[in-house]
Amino acid sequence: MRAPAMLRWAAALAVLLAVAAPASGFYLPGVAPNDFAKGDLLQVKVNKLTSTKTQLPYTYYSLPFCKPDTIVDSAENLGEVLRGDRIENSPYVFQMREPKMCQIVCKQTIKEKEAKELKEKIEDEYRVNMILDNLPLVVPIARQDRDAVVYQGGYHVGAKGQYTGSKDEKYFIHNHLSFTVKYHKDDDLEHYRIVGFEVHPYSVKHQFDDKWNGADTRLSTCDPHASKFVTNSDSPQEVEADKEIVFTYDVHFEDSEIKWASRWDTYLLMTDDQIHWFSIVNSLMIVLFLSGMVAMIMLRTLYRDISRYNQLETQEEAQEETGWKLVHGDVFRPPTNSDLLCVYVGTGVQFFGMLLVTMIFAVLGFLSPSNRGGLMTAMLLVWVLMGLLAGYSSSRLYKMFKGSEWKKITLQTAFLFPGIAFIIFFILNALIWGEKSSGAVPFTTMFALVLLWFGISVPLVFVGSYLGFKKPAMEPPVKTNKIPRQIPEQAWYMNPLFTILIGGILPFGAVFIELFFILTSIWLHQFYYIFGFLFLVFVILIITCAEITIVLCYFQLCSEDYMWWWRSYLTSGSSALYLFLYAAFYFFTKLQITKLVSGILYFGYMLLASYAFFVLTGTIGFCACFWFTRLIYSSVKID
């Protein structure tokens, strides 16, 4: 395929994916919406309390909020548990299209310990997350500069402030919630469908004249009979020990033109102007163009080399020739630590398969944001199933290196990366548990993860290794000399460390813009949904990893240095170093994390992500270089 044609095809693919991914339905075919008649009960559920300053989620009822008679936990999938979601019922129960004003939920007397916890949560800017009909609660905020409304997920537990004429900082709790439930009704249907769930939180120091009579108490600060409603926080409720707090709410119902299938658009546009579509497409096209240029240069140079080598008529001419042909007797000599290389290549193939399958499902709309935890659950399950490919790949390479102990290499493939990842995860989980956060993975979930690993992944790695080792060994296109050739002194720019560090820049450049949005979605609790662009970035990453490794491998062989095995893996794998450095830059410039435990969690998880990225990109580079060396040495005549 010619370069212009290739670029035109890539541009068309970019536009198609960019348009298709956001527009594709976020509900699977066959998933029916919930229909409600007037007066039907609407159960509001509560989720975890979250903060971008601490990254430690807590359960809703860890604070002294009003509780229902019986707290019922909702069934959660594996991904939800790992995310720290804890979904429970709440005392907030509405009736469809029946507005209510100044409804009393309960009266709580705040103890000293509870007051301290409330103040800590307000200081750390914790948000309360609720769910109605699978829609998260949002707070609409008017943007003065754009004359538009943006939405933030969940409402703040409270706010800090000062009384007029005082300099002392006080803590105020949001104890009055003004809910708005948006619904849509099609002309051909009798029922209503919920398409929006919004709230305006207020802090009000409620007063009542008569004695307390539960939900029937008449408040003087919020009384629909006297047309007195809460519209501001001018008389806020301060958080003080041994003081009473009355929790109240309003609920309004609003007809909306938004259809049920489009109701998630509000949440997916919460990032507003942060998503620079043109910037992403432009960067991808530049990287693709550079890759095309590199590919054309390589093809033309190689074609000339192969033609010249094959035209050499005498052995004397061949001996006088320099370049990559001279190392043909050593280029397929097994490297040092070849067992470890086989393990890492197998693990990288497992990662590649997992990402490819997961991303295809995500692009097709099967892993929508409405399915909380679906993406993480899918990644774990696909990772486990891809153990088959890991075992097969590592054993095929191991057999080419004349290895005979296939069970040993299988065990290393099954336990090296998952073992390191599990140790890091266990340590971080212990830190979260020490903070009494709901983000700590329960023992039963930990047991389920170990069961997936030992019960499914490890046996599949063994099956893959057995199948791979049964096949005939891959034979190199040229014979290997018994005595290793001496490697001549290399120029400074061919120093292994220098070329490895240079090699990681281009692959990182292919992903760093998308990386910003991914980090934002994870650490600033935004929804990530542009899987079309992510898939395109993944394709570009594969191309750049392959081409930069092939180019540097070619220069290395031309310098008569045949030790390319590990170098090809590390060349593209070094992009993980830049990823970790970028994560550190993001931490200090975009996040407001102050707690030591939260900082350890961030860098621990980003270290794990960088390690996984190293294994993935390193394997892509190695496989490309392995294919390249076999291709060029099978194309020349070796006497």
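Asn134 lies in the loop between strand E4 (127-132) and strand E5 (135-136). Helices (H or I, at least four residues) and strands (E, at least two) are DSSP runs, numbered from the N terminus. Asn134 has a positive phi of about 70 degrees, although it is not a glycine. At 28% relative accessibility, Asn134 counts as partly exposed. Buried means under 20% relative accessible area, exposed over 50%, and partly exposed in between (1.4 Å probe, protein chains only).

This is a predicted model: local features need pLDDT of at least 70, side-chain atom pairs count only at pLDDT 80 or more, and totals for chains, interfaces and linings use all residues. Residues are numbered from 1 along each chain as its sequence is written, and side-chain values use heavy atoms, with hydrogens and water left out.

**Disulfides and cysteines**

- The whole structure holds two disulfides. A disulfide is a pair of cysteine sulfur atoms within 2.5 Å.
- Cys66 is joined to Cys106, with S to S at 1.9 Å. This pair links distant parts of the chain, 40 residues apart. Cys66 sits in the loop between strand E1 (41-50) and helix H2 (78-83), and Cys106 in strand E3 (residues 100-110).
- The torsion about the S-S bond of Cys66 and Cys106 is about -80 degrees, so this disulfide is left-handed.
- Cys66 is buried at 2% relative accessibility. Cys106 is also buried, with a relative accessible area of 17%.
- The other disulfide joins Cys102 to Cys222, again with S to S 1.9 Å. Cys102 lies in strand E3 and Cys222 in the loop between strand E12 (193-202) and strand E13 (243-255), so the pair ties together parts that are 120 residues apart in sequence.
- The link of Cys102 and Cys222 is left-handed, with -80 degrees about the S-S bond.
- Cys102 and Cys222 are both buried. For Cys102 the relative accessible area is 9%.
- Phi of Cys102 is near 55 degrees, a positive value in a residue other than glycine.
- With the bonded cysteines of the protein chain numbered in sequence order, the pairing is 1-3, 2-4.
- Two further cysteines are buried: Cys545 at 0% relative accessibility, and Cys625 with a relative accessible area of 0%.

**Aromatic pairs**

- A pair of aromatic rings is described by the distance of the centres and the angle of the planes.
- Rings of Phe, Tyr and Trp (its six-membered ring) pair if their centres lie within 6.5 Å; planes under 30 degrees apart count as stacked, over 60 as edge-to-face and the rest as tilted.
- The count comes to 52 aromatic pairs.
- One of them is Phe361 with Phe366, edge-to-face, at 5.6 Å centre to centre and 80 degrees between the planes. Phe361 is partly exposed at 41%, and Phe366 is partly exposed at 39%.
- Phe401 and Trp565 also pair edge-to-face, 5.0 Å centre to centre, with 80 degrees between the planes. The two are 164 residues apart. Phe401 is in the loop between helix H9 (387-400) and helix H10 (406-434), and Trp565 is in helix H15 (residues 565-573).
- Phe401 is buried at 9%, and Trp565 is buried at 2%.
- Ring pairs link Tyr344, Phe351, Trp383, Phe417, Trp566, Tyr569, Tyr611 and Phe614 into a cluster.

**Charges over rings**

- A charge sits over a ring if NZ of Lys or CZ of Arg is within 6 Å of the ring centre and within 35 degrees of the ring normal.
- Lys121 lies over the face of Tyr58, at 4.2 Å from the ring centre.
- Lys399 lies over the face of Phe469, at 5.2 Å from the ring centre.

**Nonpolar cores**

- A nonpolar core is a set of buried Ala, Val, Leu, Ile, Met, Phe, Trp, Tyr and Cys residues joined through side-chain atoms within 4.5 Å.
- The largest core has 94 residues. Trp564, Trp565 and Phe622 have the most contacts inside it.
- Helix H17 (residues 596-633) gives the largest share of this core, 17 residues.
- Domain 2 (338-475) and domain 3 (496-638) both give residues to this core, so it lies between them. Domain bounds come from an automatic or database domain assignment.
- Trp565 touches Val331, Phe332, Arg333, Pro335, Leu341, Met400, Phe401, Phe622 and Phe626, not counting residues up to four places away in sequence. Contact means heavy atoms within 4.5 Å.
- A second, separate core has 55 residues, including Leu56, Phe94, Val181 and Val597.
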